[in-house]
Amino acid sequence: MSSCAADSYLGRRTVAGNANRHDDPRPWAFGGHRVSETTHLAGVSGKVEIVRDDVGIPHIFASSSADLQFGLGFAMAEDRLWQIDRLRRRALGRQAEVMGQAYLATDIAHRTVGLPEIAGREAEAMDPITAPLVDAFVAGINRGIAVLELPPEFGILGYKPEPFTRVCVVAIARGLWWSLNGRIDRLAAAEAARFLPERLREDYLTPEGSDNLILPSPAFSPPHAAGTDDATGSNNWALNPALTGGSAILAGDPHQPFWVPSSWYEFALHGPEDNAAGCGHPGVPGLLWGSNGTIAFCLTNNMASTRDLYAETVNPDDAAQYWDGEGWRAFEETTEVIYVKDAPDHSLTIRRTVRGPIVNALVPPLTEGGDPPLSLRWVGMEHIDDMRALVNLSRAKNWDAFRNTLRDWSVAVFNWIYADIHGNVGYQMAGRLPLRPRFAYGYRDATNPDDRWSGYIPFEQLPHSYNPPRGYVASANQRVIPPEQEPMIYGAYSQGHRGIRLDQIFTAPSTHNRAATIAVQNDVVNTRAQRLVPAILRLLPAEDPVARILGSWDFAYTLESAAPTVFETFMFLWQRAIVAAHMPARLRDLVVQQTGLGCAMLLEPERPFFPEGTGAVARDVAAKVLDTLCDRLGVDGAAWVWGKVHLAHWKHPLSNAERSATFDIGPAAVDGGSHTLRNTGGELPPHNAASGAEYRIVVDFAEPDRFLAVQNIGNSGIPGHKHYSDQFVPWLRGDYHTVHLNREHISVQSVTVLVPT
């Protein structure tokens, strides 16, 4: 195959001072793109044009699909080369090699999970139609490395990027899927329920808004829907013409922890099989959100479980052996060296069972004496056809073709929303979901046959909906179907508050046109506060300052209101009081995201929990809220308003005092919060906006040849470039730019022509 093996890539060491050191004396290039420049390059069979619009989106034009992918790879290298090199290093466990000790933990995690080996196998197994397109994409990146000026990060760190291979692209994608669906700490948090009295475990495992479902069920009762509150999440929806008063409208906004550069990359493909635009992931071909003028699509993370942790039984007479289900077997053991810049090399020993690697080092121990060996089984360790699906998604022209493409989708499990020019809307859950005979949220028993995977849920049985009677489909990381419905689907879902807000809006008697959809994406009403503030007020004296501030609140997270600051501080301290009451101190940071129990105790304060009574603890928490805010912000209540404390500030990993003005973005006040549709999840305290929508798309099929979009910072990853942060202010304001599918309407900033040598 054209790509190198994963172990070959891992074997190359590039550190400051070696032969790959970047000694280019030229100053950093902070200017714009080349204008109307023709470059003769090997690797293309015909002319490729890269037409950039006024926000730096590359529109790639080519007469063959391979050349189209070459052009995309070249454009991505021009905009995001250091980012995609970092993503490659992150997935393959090589960040510490160039960035130092602070990145050793992520290298250990990705090596332990086995991402380098997985990527090597998958690159070899790629289907013969998709593989040449991925190779062309890789060739475009490598030509960019060869002829373009390197971004400044390479000079700062003292190395040059190695050539990309098909292995690298697979690794970047699989690293993303792991970050979205791995989250094995949530399995540990679920297992920690055993430390609670049995009467409390159900509430501990249940999301706060578990009554909200993507596909509603009139007979649904909410228990047993494990969830967590990680302060972020994504939204998407599609509305049919009866609701919009015109044509179908689709909207999506993926939420991630904020990165510099942004997690997503905008581009457009115009070729013999493609005419689509939207955004995808840096370092990977294919659109995840977009429109081709006939259909549009977007996704949210489904959170369904594609992984299990198994408690292994060790041979009491030989600690080097475990029970494999039929007899004692020796742990497979390998040792790898992780190079660490400016520090000693790290020797990593990885043990594996027939189920997967031992991952105890990646989750906190639940017992003081240590847990048994925990092996990981994950769908992402198997062969999947994610690259084929990525390439083909934007080529579908109807619902059936779109669903057929998603048959190839295995991991991460996604909620796909669909709309088309004919007014149809649809929802499809897609992913390879294991069948398990026994229901469980925590660790599984490696010796129990009922905990083994017995196959996978057939695609036709995965939840889906096409043109539902209510006129819309929507998701916000909440549970899809009732837990008792077959086939049984479960995972660590979000709290459901954003889903509740979407239903509030879309079931209201109104015309939900394009302007209304934009308003929904920027909506800052918090239904969690709607649900919990009345319960808090019942526990506090009317004269309590916290009660006075919350009592007059409209539950909107606006910049001028102090109530969001007070409410978030109360819930932060309340949740810690909840976990401190019954959980061992060593586990409190692990379980603090399990907020269902804290919500239940506010709504049902008469239940036995605190020895001194729920009301007494609520009053104590309210007093601590005042102390905390006075200590941090001063006694002047004007300093408590959300706009003073909820700031978006992106710091580049290589920023310092000298580089901050060029490398960093912000700080700036931003409205919204963790549970609003305009999701700007925070670090609590100090309430900074640390995550949220890094991209927004609105497709109105009244104008099928264009749509609206905005990123949170910009499309270029080069610090100081004019498109590095030019979308930050529009994102703050809730503004959008127009993306065109027809060349004649593109506002051309520059044209680069690539022709064969």
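Me: Which residues of α18 meet which residues of α21?

Reply: Thr 565, Val 566, Thr 569, Phe 570, Leu 573, Trp 574 and Ala 577 in α18 meet Thr 614, Val 617, Ala 618, Val 621, Ala 622, Lys 624, Val 625, Thr 628, Leu 629 and Leu 633 in α21. Contact means heavy atoms within 4.5 Å. This is a predicted model: local features need pLDDT of at least 70, side-chain atom pairs pLDDT 80 or more, while totals for chains, interfaces and linings use all residues. Numbering runs from 1 along each chain as its sequence is written, and side-chain values use heavy atoms, without hydrogens and water.

Me: What angle do α18 and α21 make?

Reply: Helix α18 (residues 563–582) and helix α21 (residues 614–633) pack at about 125°, axes 9 Å apart. Axes are fitted to C-alpha atoms over the stretch in contact, with angles from 0 to 180 degrees between N-to-C directions.

Me: Why is α18 called oblique to α21?

Reply: Under 35 degrees is roughly parallel, over 145 roughly antiparallel, 65 to 115 roughly perpendicular, and the rest oblique. The angle of about 125° therefore makes α18 oblique to α21.

Me: What makes β22 and β30 edge strands?

Reply: The open sheet of six strands runs β22-β4-β5-β28-β29-β30, with antiparallel pairing. Pairing takes at least two DSSP bridges. β22 (472–475) and β30 (737–740) each have a single partner strand, so one side of each lacks a neighbour in the sheet.

Methods:
Helices (H or I, at least four residues) and strands (E, at least two) are DSSP runs, numbered from the N terminus.
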